[in-house]
Amino acid sequence: MAAASTTVPQSEVPLSANLRGKVGMWCLIVAESSIFCIFVVAYLYYAAKSVSGPTPAQVLHVPYFASICLFASSATIMLAERALHRGNIKQFGLLWFLTLALGVTFLAETGIEWQRLIYHEGLTISTNLFGTTYYSLVGLHAFHVTVGAIGLTLILLFTLFGAVKQEHAERIGVFGMYWHFVDVIWVVVLSVVYFIAR
Amino acid sequence: MADAQPILPPMVISTEVETSRPMVQVLHDWIVTVDHKKLGVMYFSYGIVALVVGGIEASIMRAQLASANSHLVSPEVFNRLFTMHGTTMIFFAAMPIVFGIANYLIPLMLGARDMAFPRLNAWGFWMTAFGGIILYFSFIGGFGLYGAGSAPDVGWFAYAPLTSPAFSVGHSTDYWTIGLLISGFGSIATGLNIMTTILCLRGPGMKLSRMPMLVWLYSVMAFLVLVAIGPLTAAQIMLLIDRYLGGHFFDTQAGGSAVIWMHFFWIFGHPEVYILVLPAFGILSEVIPVFSRKPIFGYNIMVAATVAIGFISLSVWAHHMFTVGMSSYANAFFVASTAAIAVPTGIKIFNWIGTMWGGKISFKTPMLFAVAAVVQMLIAGLTGIMLSAAPFDWQLGNSYFVIAHFHYVILGVIVFGAFSAAYYWYPKVTGRMMSDSLGKWHFWLFLIGFHMTFDFMHIPGLLGMPRRIYTYDASRGWESWNLIVSVGVIFQALGVLIWVFNVISSYYKGKVAGNDPWDAWTLEWSTTSPPPDYNFAELPVVRSRRPLWDLKHPEDPDWKYE
């Protein structure tokens, strides 16, 4: 190959194989987006079609704190990646831990909200259409946050054991794309569930 | 790219046969493999097994329908048969076959060592495989474990409210749902892998504009897999929520909608047709030029038409729902988009004819299947345009006319394409040629059987025979037509039997093929047959769309004209 590539003009060498992680993640994001898209459509289509209460306006409170946590985690993961690029493992680990903490806080907040909805407001997934669509859409997102949190935890453990090095920045960046995606989905879910279809 | 693949010394490719390795070891090799060629063969073989199983189910149905008032199978069994037949053929025969071809060929055609994510590739295959096993486990699990239900009996598109717990008691529908959900994850993984391989792992000089047409068609197919499998996955999750957690997505009594299931299913379902047919188009676009001794006619237009099909196919789904009763605006939109998709498809047919025009055509078995597929695509397209007109569809929707139409596409184009591919690339995979005379027996028997079955199937449809009935009254005048349709199945089955025999016997006794038995032009023919684990000892630099032509004809290479 080395011999062959010397005869190939630079313009004839296609996308680098090193990019495949990113391209693969973009593909996954497209596929996941289409799943979310259908759930969002279902939510909007069924908005205000429930035949019995409770309605969103009666029971939903906008989760400002949880949202701020999740959005902030996108910033911290970006800073963590930059630290890793510079080779500052310690700073990376700290920021990575912060990202995980923010993600877990978001999940805990969701749990608290669901606890209130189920035990105090009497809204379960089988109560009415609103319950069905609400828990499935928010739950699908929370599931993705959970998967992300597991990934964050694993990488944090690797970091603590000293296995994460500067040369892994590219791969960690691919994971970071997933986390940003989960964040962007929350922008959509938040605006649809808590503002548009109120 | 250059650094990722270290130069391999031009070693002698060992053809030493594994004389007496224990069976367990060979099996172990296949099960743990992450090699794209082995996975391709496994995908393809899995699809063929499913094709035979689904074919047996179809044969039983045809035996039942061959005469009026027949009682060969009960209505309940008939419902299970058509559900399992449809599900098996789409998800566990056709999908694995096209993924198998992609797995085997794309890295070889692009000059890559393997797919972009070899382990993910193996994961995708095993998910698909387990999905099928779960679906078929319903035959025993449905009864054995819960005492209710058996194989799924709700039809392959499982319309609500038939799938609600009230009407589908037991767990048969859940086997269907979970089987498809799991195989869907496998499909997404493979789609992602194909896309990434095409974008990132092309060999030196292999620009997008120089890729073999098959790879182009697979890139659009992979895009459709990524976009279209999601709705199916989402709809299956909703159905599970409805059935297990008491949700109301498709529960009309609680304000839900049965029609929205149709929308979600067909948003997946129609692109799925193109996911299956685009690879078949790709096969035709490789086979026809080689056996016409001409480069493909209108490469750029062909690519443009493919991309157009990819996008338009995402906006035609509700033509499956004209009989549901939509608004006139929705009807008009879906009539127009469905008619529009015939244009790029027609362009392709013209291009294949243009490729053959004036060529030195040799009618070897792969070419026979390819030419038949082109003709059948034309006819399938024509009945498709007829059905795209909503008033016509109101008359014939859910009749045997529709069944004949889509089997023309799926069998007449996709399965014919798959057979063409099997004959064409078998020498590359095994190192031996398939028997051409047996191949011609296979072709003619299968062709006659196909046309007996599916040409004549249009007629009972026009006479008003609805799909999915388990029997009919003699006074309706459908009996003789149905008998012809059923007799055609015998010819098709014979043809497939000959093919299976040919595949097995040629593996042991076939003529040794050499690297390039068809004098072809794409990169996979530049390596040995079968290719070594690392695919290429030395990668030719690609300078045109026919890199092997350039190598064979240094006095008149293609790149001078491109």
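Analyst: In this predicted model, helices H3(B) and H6(B) are oblique to each other. The description rests on two quantities, since two packed helices are described by the angle between their axes and the distance between the axes. Helix H3 of chain B covers residues 75–110 and helix H6 of chain B covers residues 213–245; they pack at an angle of about 125°, with their axes 10 Å apart. Angles of 65 to 115 degrees count as roughly perpendicular and those over 145 as roughly antiparallel, so the angle of about 125° between H3(B) and H6(B) is classed as oblique. The crossing of H3(B) past H6(B) is left-handed.

Which residues make this contact? From H3(B) come B:Ala102, B:Leu105, B:Ile106, B:Met109 and B:Leu110, while H6(B) supplies B:Leu214, B:Val215 and B:Tyr218. Sorted by class, the contact of H3(B) with H6(B) contains 8 nonpolar residues, with no polar and no charged ones.

The pair belongs to a chain of helices: chain B has 15 helices and 0 strands. The radius of gyration of chain B is 24 Å, close to the 24 Å that the globule rule gives for 562 residues, so chain B is as compact as a globular protein of that length. Its C-alpha trace spans about 70 × 50 × 45 Å along the principal axes of chain B. Of the 562 residues in chain B, 54% are buried. Among contacts in chain B between residues at least 6 apart in sequence, 81% join residues at least 24 apart.

The loops of chain B also contain details of the backbone. B:Asn398, in the loop between helix H11 (390–396) and helix H12 (400–430) of chain B, has a positive phi of about 60° although it is not a glycine. B:Asn398 has 14 C-beta neighbours inside 10 Å and therefore counts as partly exposed. Further along chain B, the loop between helix H14 (479–509) and helix H15 (547–552) holds B:Pro530. The peptide bond that joins B:Ser529 and B:Pro530 is cis, with omega about -10°.

The loop between helix H2 (20–46) and helix H3 (56–59) of chain A contains A:Pro54, and the peptide bond from A:Gly53 to A:Pro54 is cis, with omega near -5°. A:Ala48 also lies in the loop between H2 and H3 of chain A. The phi of A:Ala48 is positive, about 60°, although this residue is not a glycine. With 13 other C-beta atoms within 10 Å, A:Ala48 is partly exposed.

Technical notes
Residues are numbered from 1 along each chain as its sequence is written. Chains are lettered from A and ligands numbered from 1 in the order in which they are written. This is a predicted model: local features need pLDDT of at least 70, side-chain atom pairs count only at pLDDT 80 or more; totals for chains, interfaces and linings use all residues. Axes are lines fitted to C-alpha atoms, for helices over the stretch in contact, and angles run from 0 to 180 degrees between N-to-C directions. Helices (H or I, at least four residues) and strands (E, at least two) are DSSP runs, numbered from the N terminus. Angles under 35 degrees count as roughly parallel, over 145 as roughly antiparallel, 65 to 115 as roughly perpendicular and the rest as oblique. A crossing is left-handed if the near helix is turned anticlockwise from the far one by less than a right angle, and right-handed if clockwise. Two residues are in contact if their C-beta atoms, placed from the backbone, lie within 7 Å. Ala, Val, Leu, Ile, Met, Phe, Trp, Tyr, Cys and Pro count as nonpolar, Asp, Glu, Lys and Arg as charged, and the others, Gly among them, as polar. The radius of gyration is taken over C-alpha atoms; the globule rule is 2.2 Å times the number of residues to the power 0.38. A residue is buried if 20 or more other C-beta atoms lie within 10 Å of its own, exposed if 12 or fewer, and partly exposed in between; C-beta atoms are placed from the backbone.
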